[in-house]
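Open the model in your viewer and keep the sequence panel beside it. The stops below go from the whole chain to single residues.

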Amino acid sequence: MISLPHEKYSGVGGKQVIGGTKGHVEETITGAIFLLYEAYDWKMIPRCTGRYTCKNHDTVSQLTPAELLNRVPRIKCNVLIQEFEFKQPNRSDKVHVIALDNENRTGIISYEKEGDQGTKYVHTLNAPSGFRRKLEAIGITVTDSDITYTP
């Protein structure tokens, strides 16, 4: 695991109800995840509740996860977080994880892909029903205070 220090993102602003169709549970998002949801155009990943992929792929695929967040001007940095980078032996892509709240319940999971045209990222936005579930499905352990991968 490579751990890169960044500042924790917490948002000010409203709230939004998301999901409720395509196999997704309905849930309310607030804070940094809400601001990120508003800043880009996201679509539900079918039958994968609480997970969304960015439809602005041509614009954001060159951005690292931290750069994706830093382009949202209303997200305020106020406490310390980390961006976690994992290279798993059974996966060709590196996995980047940034929690968007202090309890590691929402966040960004980004997949780094190497190709002929350089490094590209596929960013996914993960609401409470999807963040921990997806990370655990790919072998990454999440607690309220840590995110780890043990081969």
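How many of the 151 residues of the protein chain, as a percentage, count as buried? The share is 46%, where buried means under 20% relative accessible area, exposed over 50% and partly exposed in between, with a 1.4 Å probe and protein chains only.

This is a predicted model, in which local features need pLDDT of at least 70 and side-chain atom pairs count only at pLDDT 80 or more, while totals for chains, interfaces and linings use all residues. Residues are numbered from 1 along each chain as its sequence is written, and side-chain values use heavy atoms, with hydrogens and water left out.

Colour by pLDDT (the predictor's confidence in each residue, from 0 to 100). The protein chain averages 83, and 86% of the residues score at least 70. Confidence is highest in β5, at 96, and lowest in strand β1 (residues 2-11), at a mean of 41. Select residues 1-11: pLDDT stays under 50 there, although the model has 51 contacts for them beyond four places in sequence. Contact means heavy atoms within 4.5 Å. Where pLDDT is low, the predicted coordinates should not be read in detail.

Switch to cartoon. The protein chain has four helices and 11 strands, taken as DSSP runs numbered from the N terminus (helices H or I, at least four residues; strands E, at least two).

Next, select L36, Y40, W42, L100 and L125. Of the 24 residues in the largest nonpolar core, these touch the most other members. Such a core is a set of buried Ala, Val, Leu, Ile, Met, Phe, Trp, Tyr and Cys residues joined through side-chain atoms within 4.5 Å. At least two of its residues come from each of α1 (31-39), β4 (42-44), β5 (51-54) and α3 (65-70). The largest share, six residues, is from α1. Apart from this core lies another, of 14 residues, including F86, V95, V97 and I109.

Centre on K134, in helix α4 (residues 131-137). K134 is buried yet has no salt bridge, and the nearest side chain of opposite charge, D93, is 10 Å away. A salt bridge would need a side-chain nitrogen of Lys or Arg within 4 Å of a carboxyl oxygen of Asp or Glu. Leaving out residues up to four places away in sequence, K134 touches R51, I109 and Y111.

Finish with two loop residues. R47, between β4 and β5, has a positive phi near 55 degrees and is not a glycine. N104, between β7 (94-99) and β8 (107-115), also has a positive phi, of about 55 degrees. R47 counts as exposed, at 75% relative accessibility, whereas N104 is buried, at 8% relative accessible area.

Methods
Lys and Arg count as positive and Asp and Glu as negative; His and the chain ends are not counted.
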